[in-house]
Amino acid sequence: MQEIHLEKYINAISKYASISTNVFIATDDVSIINDLKPKLDARGFHVYYNNQNKSRGFVESNFNIASKQVKQNEMLNVLLDMEILIHSKFFIGTYTSNLSRVVPFFLGLNQCISLDNDWNIINSMNGM
């Protein structure tokens, strides 16, 4: 997955501010919240996130050897994020993320944008 600079997210969120000023940040690296939240707060957005998520990025090999309790907590956090995202008014994400590719099935492509790849590019890469 390519790295997307936080300013690109901030600009996209600002562009769609007429839809809602409530922003939920779903991330597998909570360290970005400390950078993103103050910038969005300063622009008048209300920022929310799952404060039970302590992840600093997903590393599959670490997840595979984690305890059952750690795996359960991480999965519950992912499911909570997805529940919020699939019931949102609009979604801004990256279609190179597995979770981001699921959201349009619930919201529809017209209520979602990707900051990296198009939905069609992903489909053709996966032979869909």
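**Exercise 1. In this predicted model, find which residues form the largest nonpolar core, and which elements give two or more residues to that core.**

Solution. Start with the residues themselves. The largest nonpolar core has 11 of them: Leu6, Ile10, Ile13, Val23, Ile25, Val30, Ile33, Leu36, Leu40, Phe45 and Val47. Next, look at the elements: α1 (6-15), β1 (22-25) and α2 (33-42) each give two or more residues to this core. Then zoom in on one member. Setting aside neighbours within four places in sequence, Leu6 is in contact with Ile32, Asp35 and Leu36. Finally, look beyond this group: a second, separate core has nine residues, among them Met82, Ile86, Tyr95 and Cys112.

**Exercise 2. Describe how helix α4 and helix α5 cross, and say which residues make the contact.**

Solution. Begin with the geometry. The axes of α4 (residues 68-85) and α5 (residues 98-107) come within 10 Å, crossing at roughly 35°. The crossing of α4 past α5 is right-handed. Now list the contact: α4 supplies Val78, Met82 and Leu85, while α5 supplies Leu99, Val102, Val103 and Leu107. Sort these by class, and you get seven nonpolar residues, no polar and no charged ones.

**Exercise 3. Work out where Gln52 lies, and whether Gln52 counts as buried or exposed.**

Solution. Then check its accessibility. Exposed means over 50%, so Gln52, at 54% relative accessibility, counts as exposed.

Technical notes: Residues are numbered from 1 along each chain as its sequence is written. This is a predicted model: local features need pLDDT of at least 70, side-chain atom pairs count only at pLDDT 80 or more; totals for chains, interfaces and linings use all residues. Side-chain values use heavy atoms; hydrogens and water are left out. Axes are lines fitted to C-alpha atoms, for helices over the stretch in contact, and angles run from 0 to 180 degrees between N-to-C directions. Helices (H or I, at least four residues) and strands (E, at least two) are DSSP runs, numbered from the N terminus. A crossing is left-handed if the near helix is turned anticlockwise from the far one by less than a right angle, and right-handed if clockwise. Contact means heavy atoms within 4.5 Å. Ala, Val, Leu, Ile, Met, Phe, Trp, Tyr, Cys and Pro count as nonpolar, Asp, Glu, Lys and Arg as charged, and the others, Gly among them, as polar. A nonpolar core is a set of buried Ala, Val, Leu, Ile, Met, Phe, Trp, Tyr and Cys residues joined through side-chain atoms within 4.5 Å. Buried means under 20% relative accessible area, exposed over 50%, partly exposed in between (1.4 Å probe, protein chains only).
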